[in-house]
Amino acid sequence: MKPGGGGVVRTRVRTIPVPTPFPVGPVNVHLVAADPVTLFDTGPMTDDAYAAVAAGLAAEGLAVRDLERIVITHGHQDHYGLGARLAAESGAVLFGSRLDRAHFRGGRNTRALLDDLARSGFGLPIRAAVVLGVAAVGRFAEPFPPHTELEGGETLPGDGWSIEVLSTPGHTPGSLVFRLPEAGLLLTGDTVLRDITPNAIVDEDPQRPGERFRSLSRYFETLAKLRDRDRGETALTGHGEPVTDLRAHIDLLEERYRRRAFKIEAALARGPLTARELVTELFPRVKTLNVFLAWSEVTGFLMYLEDLARVEKIEERLLDRYRLVA
Ligand SMILES: [Zn+2]
């Protein structure tokens, strides 16, 4: 590293673990205490999270009012919840992905979610519980005011450092990974985590309104892209520890997803099933609030297997079943 260049910026990067009310545990917020002072992700909208961010800034001799840029990896509440408040208090420029715009506005198409759950085979009590659960999570984020939208491909300049924006759809439609080339770092949000296999979440496709976002198919493309573009950087993740060997870790993630896909195919080998029946088969003890995540995962794999022409959907009058392609 040349003096005054990357080495200095890297020492100005601090990971701030911020508490969340979610089962995933703390979220990592990353601070670059250089010019301009930049925060990556914010934590959820809670007083505890705000205090943790403020303490992380204070450890670098900074305060919330010193923030100049707030850059968000994706539209989940634990990552962007405090963005509106921190931007209002500091005047920082707020950046979010265009394809996660609906998330940042706090909107979810409840009608579509209810219909989708019904066609998946869930009865009314579970459908109602899932919709209430999803709405409850929404309380942990303040909708964004107008902000600067990113698509991927941009470079945001800094003094002696820069941010390259990579579009990495999968975990959400608009997920972004940020490369800090001068610091030798990649900020991966929830797209790459070390100890957790990132969830596919059922979502509407922002580019095809009314259709489901094909989360896992897009995610496999993203993993291939990250492998191709790997420059040996350390990946600072959205939860937990960094990943130091990204290529080996991507191999591991792909292997885990492949094994899960085999499980679904093995279940379907005994005959056509609804998504609900697959949830019961794969997650027999899942509790109500986690039904959404379990169903999201099963649905992500079913769409992926459809895209590979290994599974096909049978549309009946009131529900969808899936069967293996002979
Ligand atoms: Zn997330």
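Residue numbers start from 1 in each chain and follow the sequence as written. Because the model is predicted, local features need pLDDT of at least 70 and side-chain atom pairs count only at pLDDT 80 or more, while totals for chains, interfaces and linings use all residues.

Helices and strands are DSSP runs numbered from the N terminus (H or I, at least four residues, for helices; E, at least two, for strands). The sheet is open and has five strands in the order S7-S8-S9-S10-S11, with mixed pairing; two strands pair if DSSP finds at least two bridges between them. Strands S7 (155–157) and S11 (234–237) form the edges, each pairing on one side only. From one strand to the next, the twist averages 25 degrees. Within the sheet, S9 (residues 176–180) and S10 (residues 185–189) run antiparallel and share three bridges. Here arginine 179 faces leucine 186 of S10.

Strand S10 also holds glycine 189, which counts as buried because it has 28 C-beta neighbours inside 10 Å. A residue is buried if 20 or more other C-beta atoms lie within 10 Å of its own, exposed if 12 or fewer, and partly exposed in between, with C-beta atoms placed from the backbone. Leaving aside residues up to four places away in sequence, glycine 189 touches Asp41, Thr73, His74, His79, Ser175, Leu176, Val177 and Gly238; contact requires C-beta atoms, placed from the backbone, within 7 Å. The C-alpha atoms of glycine 189 and leucine 236 are 7.9 Å apart, although 47 residues separate the two along the chain.

Turning to the helices, H6 (residues 110–119) and H7 (residues 124–138) pack at about 145 degrees with axes 10 Å apart. Axes are lines fitted to C-alpha atoms, for helices over the stretch in contact, and angles run from 0 to 180 degrees between N-to-C directions. On the H6 side the contact uses Thr110, Leu113, Leu114, Leu117 and Ala118, and on the H7 side Arg127, Val130 and Val131. Six of these residues are nonpolar, one is polar and one is charged.

Helix H9 (residues 246–268) has 23 residues and spans 33 Å from first to last C-alpha, close to the 33 Å expected at 1.5 Å a residue; the expected span is 1.5 Å times one less than the number of residues. Leu246, His249, Tyr257, Ile264 and Leu268 of H9 are buried. The buried residues of H9 pack against helices H8 (215–228), H10 (275–282) and H11 (288–307), and against strands S11, S12 (311–315) and S13 (320–324).

Technical notes:
Contact = placed C-beta atoms within 7 Å. Nonpolar A, V, L, I, M, F, W, Y, C, P; charged D, E, K, R; others polar.
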